[in-house]
Amino acid sequence: MADTQRPLSPHLQVYRWQIQMVTSILHRATGIALAVGTLLVVWGILALASGEAAFAQFKTCIGSPLGLILLLGWSWALSYHLCNGVRHLVQDAGAGYAIPQFVRSSWLSVIGSIVLTAIIWACVLAQGGAA
Amino acid sequence: MNLRVGTDDVRSQLRHPMKFARGLGSAKHGADHWWVQRVTAAALIVLGLWFLITVLSLLHADYASAKAAVAKPWNALLLILFVVTAFWHAVLGLQVVIEDYVHTRWKEVVLLVAIKFLAVLGALAGVLAVLRIALGV
């Protein structure tokens with residue numbers, strides 16, 4: 001991507017994969033996804049303000065198969081970014097920096113995000129599904 | 001400038017006093033970006049969970065009841081806070097990603113300005129829409 005030809009430092013491919021790398025990369029990736037998801041939230045509010053037809057169209061779009069797949073992705077992205085974000089705030093406060101703690105909290109973020117996503121969709125299913 | 005170089009252990013003897021940034025550092029913003037990203041993150045823990053629960057509670061609401069729910073003063077207030085804080089946090093995060101990975105200066109600047117325009121547009125659209133619903137205009 002750079003137009004200057006400077007030497008590059010060793011990048012990801014030289015390292016053995018570790019959970020801490022996965023959580024770090026996922027935090028960025030889910031952050032980018034959620035930035036886009038915020039536009040969906042605005043679309044929803046705008047549709048609600050515009051009138052019944054616009055809101056019905058919005059509901060049809062997010063209730064379509066593609067919409068539901070995206071919503072599943074976004075709900076996991078939100079869950080993950082939330083869990084791992086709390087982890088980062090704890091680390092910013094200076095706690096949890098020993099390597100075993102760091103690895104354990106990484107796994108907690110990943111597992112926590114899956115549990116939270118499952119709870120969200122259990123709530124949806126308990127109300128008789130999304131559509 | 002506070003040098004803060006101790007003599008009690010070898011590591012601190014080997015540290016150069018320049019490890020402490022002078023003034024606000026080379027970016028001239030000090031720790032402001034870092035701090036605001038954390039403050040908005042802390043706010044979004046609460047606002048994000050509130051948003052999730054609210055959306056789940058309105059899952060099968062028809063148009064009128066969804067609109068009435070958003071029009072409630074507390075919901076309108078929290079929804080405005082959520083939208084503004086989310087866009088603010090998103091811009092700070094995207095800015096770091098762009099600065100890290102886009103090394104062609106003009107592309108970097110264009111993207112940095114574009115995300116700010118989009119975020120202000122999105123946040124204002126969201127706020128105006130909530131106000132329109134809440135105030136019934």
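## Ala41(B)

Ala41(B) is buried, because 21 other C-beta atoms lie within 10 Å of its own and the cut-off for burial is 20 or more. The model in which this residue sits is a predicted one. Ala41(B) belongs to helix 2 of chain B.

Leaving aside residues up to four places away in sequence, Ala41(B) touches Gly85(A), Leu89(A) and His89(B). The C-alpha atoms of Ala41(B) and His89(B) are separated by 6.9 Å, although these residues are 48 residues apart along the chain.

## Helix 2 against helix 4 in chain B

Ala41(B) and His89(B) are also part of the contact in which helix 2 of chain B meets helix 4 of chain B. From helix 2 of chain B, the residues involved include Val36(B), Leu44(B), Leu47(B), Trp50(B) and Phe51(B). From helix 4 of chain B, they include Leu78(B), Phe82(B), Ala86(B), Trp88(B) and Leu92(B). By class, this contact has 13 nonpolar and 8 polar residues, and no charged residues.

The axes of helix 2 of chain B and helix 4 of chain B are 8 Å apart, and the two helices pack at an angle of about 140°. Angles over 145 degrees count as roughly antiparallel, so helix 2 of chain B and helix 4 of chain B are classed as oblique to each other. Their crossing is left-handed.

## The interface between chains A and B

Across the interface, 31 residues of chain B are in contact with 28 residues of chain A. On the chain B side, helix 2 (32-57), helix 3 (63-71), helix 4 (73-101) and helix 5 (105-135) each supply at least two residues. Helix 4 of chain B gives the most, with 8 residues. The side of chain B that touches chain A is made up of 21 nonpolar, 7 polar and 3 charged residues.

## The nonpolar core

The largest nonpolar core has 31 residues. Those with the most contacts inside this core are Ile45(A), Leu48(A), Val83(B), Phe87(B) and Ala90(B). In chain A, helix 1 (19-50) and helix 3 (65-92) each give two or more residues to the core. In chain B, helix 2, helix 3, helix 4 and helix 5 do likewise.

Ala90(B), one of the core residues with the most contacts, touches Leu34(A), Ala35(A) and Thr38(A) in chain A, and Ala119(B) in chain B, not counting residues up to four places away in sequence.

Note on methods: Residues are numbered from 1 along each chain as its sequence is written. Chains are lettered from A and ligands numbered from 1 in the order in which they are written. This is a predicted model: local features need pLDDT of at least 70, side-chain atom pairs count only at pLDDT 80 or more; totals for chains, interfaces and linings use all residues. Two residues are in contact if their C-beta atoms, placed from the backbone, lie within 7 Å. Helices (H or I, at least four residues) and strands (E, at least two) are DSSP runs, numbered from the N terminus. Ala, Val, Leu, Ile, Met, Phe, Trp, Tyr, Cys and Pro count as nonpolar, Asp, Glu, Lys and Arg as charged, and the others, Gly among them, as polar. A residue is buried if 20 or more other C-beta atoms lie within 10 Å of its own, exposed if 12 or fewer, and partly exposed in between; C-beta atoms are placed from the backbone. A nonpolar core is a set of buried Ala, Val, Leu, Ile, Met, Phe, Trp, Tyr and Cys residues joined through C-beta atoms within 7 Å. Axes are lines fitted to C-alpha atoms, for helices over the stretch in contact, and angles run from 0 to 180 degrees between N-to-C directions. Angles under 35 degrees count as roughly parallel, over 145 as roughly antiparallel, 65 to 115 as roughly perpendicular and the rest as oblique. A crossing is left-handed if the near helix is turned anticlockwise from the far one by less than a right angle, and right-handed if clockwise.
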